[in-house]
Amino acid sequence: MIDCHVHLWDPAEGFGWIRPGSPHHRVFDENDLGRSGRAVRELAGAVLVEASRGDVGETLALRALRLRRPDLVAGYVANLHVHGDEGADRFRARLDAWGDSRPNGMRMGGATWADTPEAARALVPVLADSGLVLELNLHQGALTTAAEIAARHPALTVVVDHLGNAPHPHTRDATAWHRDVEQAAAEPNVLVKISGLLTQQHGIEPARVGRLVRHVVDTLGPGRCLIGSDWPICLPRGSRADSLALSCAGLDHLTAGDRERVRHTNAVRAYRLDR
């Protein structure tokens, strides 16, 4: 299994969203990551995902960790926002200079796509040309935005985080989300990451969460889904192993080969990993 969504941070280096006194307000480093994976069967590595530190230094730190700990880190996804001021030519030159140690993807986050920096959005064609994933962590419209971007850039792989913010049954109607999943499915270069469920679906029975997962997997197809724990965000609700187990809910109806695609092979293909 490739865990496609883990974070590392030191609050002393930034990460202003982490509030003092919260269970996340502590250092989570590579040693913590290694310990967290001991209870996960068949774990082949993780994809580190930026955690909104807000500067290019986070990209450099993720790259350094990828080089230092290839046993733990299969790849990394950096923050596209912080590279917007470089412009397309300088950003492309940076990626070329890094070669095989460049990011496997770049992430954009915000309330909506319109709320992301225009300068960062202008770098999306560079990702398409360079074979890097564009990852979306939008609070609203992630699936439909992914479909629109994917249609404009057919060579670009667009990954939507956290099941496209699937509705919590106690708070949201699922009609719009089901429609958005179908729109995303219409563009073959959109993938969905089955992650963040232990947090977003807290208190919902696993069978019901599994039905959300199954809907996405069956609508997009097992060749277009990935698995992620969202560790250590998940820790107030459960361990990394608990989170991955919930992400795998809804996969039991798949063949062994298709489960392997969701759990491993798709990540290798999408992020161009070496394992």
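Which residue forms a salt bridge with R107, and how far apart are the closest N and O atoms? The legends below, drawn from a predicted model, begin with this pair.

**View 1. Salt bridge between R107 and E50.** The partner of R107 is E50, with the closest N and O atoms 2.8 Å apart. Because R107 belongs to strand β4 (residues 105-110) and E50 to the loop between β2 (45-49) and α2 (56-68), the pair ties together parts that are 57 residues apart in sequence. R107 is buried at a relative accessible area of 5%, and E50 is likewise buried at 3%.

**View 2. Salt bridge between K193 and D161.** Here the closest N and O atoms are 3.6 Å apart. K193 lies in strand β7 and D161 in the loop between β6 (158-160) and α7, so that distant parts of the chain, 32 residues apart, are linked. K193 has a relative accessible area of 0% and is buried; D161 is buried at 3%.

**View 3. Salt bridge between R214 and D218.** The closest N and O atoms of this pair are 3.2 Å apart. Both residues lie in helix α9, four residues apart, and are thus separated by about one helical turn. R214 is partly exposed, with 41% relative accessibility, and D218 is partly exposed at 44%.

**View 4. The buried residues of helix α7 (residues 175-185).** These residues are W177, D180, V181, A184 and A185. They lie on the same side of α7 because they cover an arc of only 140 degrees around the axis. T175 and R179 are exposed on the other side. Among the elements covering the buried residues are α6 (142-152), β7 (190-194) and α9 (206-220).

Technical notes
Residues are numbered from 1 along each chain as its sequence is written. This is a predicted model: local features need pLDDT of at least 70, side-chain atom pairs count only at pLDDT 80 or more; totals for chains, interfaces and linings use all residues. Side-chain values use heavy atoms; hydrogens and water are left out. Buried means under 20% relative accessible area, exposed over 50%, partly exposed in between (1.4 Å probe, protein chains only). Helices (H or I, at least four residues) and strands (E, at least two) are DSSP runs, numbered from the N terminus. The arc is that of the directions from the helix axis to the C-beta atoms. Contact means heavy atoms within 4.5 Å. A salt bridge is a side-chain nitrogen of Lys or Arg within 4 Å of a carboxyl oxygen of Asp or Glu.
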